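Welcome! Have a look at the sequence and the model, then read on.

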Amino acid sequence: MNHGDHGGGSDMPACKITMLWNWYTIDACFLSSQWQIKSNGAFAASCIGVILLVVLLEASRRLGKEFDTRINREFQARVATLTANAHSTANAGDGPQTFTLRASPLQQFIRALLHAITFGLAYIVMLLAMYYNGYILICIFIGAGLGKFLCDWMSATVVITETGKGCSGTKAVVAPVAAGIEEPSVCCG
């Protein structure tokens with residue numbers, strides 16, 4: 001199934017594009033006719049580029065999570081300051097207090113920009129996957145695994161609190177993690 005050619009000279013081979021599973025290498029085209037594979041080296045470079053693109057996608061997801069975590073830490077510090085000031089001037093028996101904090105316009109702009117970058121990268125990866133080229137799909141999977149391994153190393157903060165005397169009085173609490181982009185694919189789920 002041939003979906004087009006360069007429109008140039010007749011000596012240039014047409015792009016091999018199909019919406020069916022394929023293993024095309026030479027003359028395969030991705031995203032545009034300008035990205036036509038003309039040699040094995042160019043195909044290897046494309047595979048490496050796809051892997052790096054997916055690693056970059058995972059890195060941008062991590063960056064979004066880290067930025068949200070930073071904003072949450074700033075909120076916690078602000079609340080700690082506010083409650084310390086409130087306890088020094090108010091009666092402790094007034095009941096629970098609620099604080100609503102919002103990101104500044106700059107913080108929200110950065111959050112939106114990071115989301116847009118992540119969203120755009122995810123859609124480019126999705127478009128590459130829709131060529132159903134087995135090699136490119138394998139490279140996407142490798143990039144996703146490598147990106148998760150390199151960019152999303154799991155860590156947790158454990159807070160130890162004393163609840164009373166004796167052995168049963170110590171309690172470990174895992175601190176909540178800031179909500180970030182958790183979906184396997186931002187565009188699809």
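## The disulfide

The S-S bond of Cys 15 and Cys 29 has a torsion of about -70 degrees, so this disulfide is left-handed. The two sulfur atoms lie 1.9 Å apart; a disulfide here is a pair of cysteine sulfur atoms within 2.5 Å. A search of the whole structure finds one disulfide. The pair links distant parts of the chain, with Cys 15 in the segment before strand 1 and Cys 29 in strand 1, 14 residues apart.

Are these two cysteines buried or exposed? Cys 15 is buried, at a relative accessible area of 4%, and Cys 29 is buried too, at 1%. (Buried means under 20% relative accessible area, exposed over 50% and partly exposed in between, using a 1.4 Å probe and protein chains only.)

## A word on the model

This is a predicted model, in which local features need pLDDT of at least 70 and side-chain atom pairs count only at pLDDT 80 or more, while totals for chains, interfaces and linings use all residues. Residues are numbered from 1 along each chain as its sequence is written, and side-chain values use heavy atoms, leaving out hydrogens and water.

## The hairpin

Strand 1 (residues 29–30) and strand 2 (residues 32–36) run antiparallel and are joined by two bridges. Strands are DSSP runs of E with at least two residues, helices are runs of H or I with at least four, and both are numbered from the N terminus; two strands pair if DSSP finds at least two bridges between them. Cys 29 has Gln 36 in strand 2 as its bridge partner. One residue separates the strands of this hairpin, and Leu 31 in the turn has a positive phi of about 70 degrees.

## Aromatic pairs

How many aromatic pairs does a search of the whole structure find? The search finds seven. Rings of Phe, Tyr and Trp (its six-membered ring) pair if their centres lie within 6.5 Å; planes under 30 degrees apart count as stacked, over 60 as edge-to-face and the rest as tilted. Trp 21 and Trp 23 form an edge-to-face pair, 5.5 Å centre to centre with 80 degrees between the planes.

The rings of Phe 43 and Tyr 135 are also edge-to-face, because their planes stand at 80 degrees, with centres 5.6 Å apart. Phe 43 is buried at 8% relative accessibility, whereas Tyr 135 is partly exposed at 35%.
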